Amino acid sequence: MSSLSCITSSISATSSQSSSTPLFPGNPHYLLNLSSSSRSKRGGVKCSYAAGSGVKEDSSVGTIDVVADVKAERIVVLGGSGFVGSAICKAAVSKGIEVISLSRSGRPSYSEPWVDQVNWVTGDVFYANWDEVLVGATAVVSTIGGFGSEEQMQRINGEANVVAINSAKEYGIPKFILISVHDYNLPSFMLSTGYFTGKRKAEAELLSKYPNSGVVLRPGFIYGKRKIDGYEIPLELIGEPLEKFLSAVQNFTKPLNSLPASDLVLAPPLSVNDLAFAAINAVTDDDFFGVFTIDQIKEAASSIKA
């Protein structure tokens, strides 16, 4: 019997991440490299025979089509029609990720090319049909938050996110990303308001249910073009120059960072696009989990924007 070994060559893939998959189960000599980002791959296979086998080696390379059951990224963005949520939806679409948005307002009123590539679902997390919303999802990103009375802030920032986290966990969603808030180095009595306590309650629930895959992003002031009732508010006119200024003087202001509430002035603003791309990095990188500060968010965004 001849001894045959096959090696793969000229594997064509669209992603830099690949894994070796047995072409014929049970025989480790038959390997085909498949990219995890696509379901169909084309590869060339070259076969060689052991000396003395009596079989003439054929050096030609043939091309075969192999179909692999590889799941693409599919994310659910809670509050996807809002300021931060829409930026995350847009960033996800730019990276070829399938997006579902769940929000009370549904599809945005404005028209941009990426908007047509998002599945807009109108609903409330407290009454959502999770069977339809979460089916096939690989991650959930929550941008839920808001201001109001103490009771309202506890419900919006805390309870709503807790419901979403537990629903995602129940349906086996492997990753959850929560957009939270920087604490601005505020004294504890100022952090006892419903806005902060609600956010921290959601964080605690997330890190408890997703200890190795939960992500908490804590931005401060977020700037960008914010659309409200058909009007565009250019927050970048304030945020961008302030971010550059604080970055330039940070070596001089560092001694002040330990002062109570100092970050109300010294915490650098964050571009909504940076926050969005950091969230997408969290979706696609399995080693990305835990609590992230403003500087860490910017770093995470820069590594995926290019």
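By how much are Glu203 and Arg200 separated in helix α4? About one helical turn, because they are three residues apart in that helix. I will come back to that pair after the overall picture.

This is a predicted model, in which local features need pLDDT of at least 70 and side-chain atom pairs count only at pLDDT 80 or more, while totals for chains, interfaces and linings use all residues. Residues are numbered from 1 along each chain as its sequence is written, and side-chain values use heavy atoms, with hydrogens and water left out.

Overall first. The protein has nine helices and 16 strands. Those are DSSP runs numbered from the N terminus, helices being H or I of at least four residues and strands E of at least two. Of the 306 residues, 43% are buried. Buried means under 20% relative accessible area, exposed means over 50%, and partly exposed is in between, with a 1.4 Å probe and protein chains only. For contacts between residues at least 6 apart in sequence, 65% join residues at least 24 apart; a contact means heavy atoms within 4.5 Å.

The exposed surface comes to about 16,500 Å², and carbon and sulfur atoms supply 53% of it. Areas come from the Shrake-Rupley method with a 1.4 Å probe, and for residues only the protein chains shown count as cover.

Now the strands, starting with β6, residues 74-78, where Arg74 is found. Is Arg74 buried or exposed? Arg74 is buried, at a relative accessible area of 15%. Leaving aside residues up to four places away in sequence, Arg74 touches a list that includes Ile97, Glu98, Val133 and Thr138.

β6 pairs with β7 in the parallel sense over five bridges; two strands pair if DSSP finds at least two bridges between them. Within that pairing, Val77 stands opposite Ser101 in β7. Together with helix α1, residues 83-94, these two strands make a right-handed β-α-β unit. Right-handed means that, with the strands pointing away from the viewer, the path from the first strand over the helix to the second runs clockwise.

Strand β7 covers residues 98-103, and five of its six residues are buried, so it is largely enclosed by the rest of the structure. β7 also pairs with strand β8, residues 118-122, again in the parallel sense and over five bridges. There, Leu102 has Val121 in β8 as its bridge partner.

Next, strand β11, residues 214-217. Strand β10, residues 176-179, runs parallel to β11 and is joined to it by four bridges. Leu178 stands opposite Val216 in β11. Between β10 and β11 the chain passes through helix α4, residues 194-209, in a right-handed β-α-β crossover. β11 also pairs in the parallel sense with strand β16, residues 290-292, over three bridges, and Val215 stands opposite Gly290 in β16.

The structure holds six salt bridges, each being a side-chain nitrogen of Lys or Arg within 4 Å of a carboxyl oxygen of Asp or Glu.

The opening pair is one of them: Glu203 and Arg200 form a salt bridge with their closest N and O atoms 2.7 Å apart. Glu203 is buried, with a relative accessible area of 3%, whereas Arg200 counts as partly exposed at 22%.

Also in α4, Lys209 and Glu205 are four residues apart, about one turn of the helix. Their side chains meet in a salt bridge at 2.8 Å, N to O. Lys209 is partly exposed, at 26% relative accessibility. As for networks, salt bridges that share partners join Arg200, Glu203 and Arg218 into one.

Another salt bridge links Asp116 to Arg107, with the closest N and O atoms 2.5 Å apart. Asp116 is exposed at 56%, and Arg107 is partly exposed at 44%.

Last, the surface. Phe221, Leu237 and Ile238 make a nonpolar patch of about 320 Å². Patches are made of residues with over 30% relative accessible area and no salt bridge, with like charges joined within 9 Å and nonpolar side chains (Val, Leu, Ile, Met, Phe, Trp, Tyr) within 5 Å.
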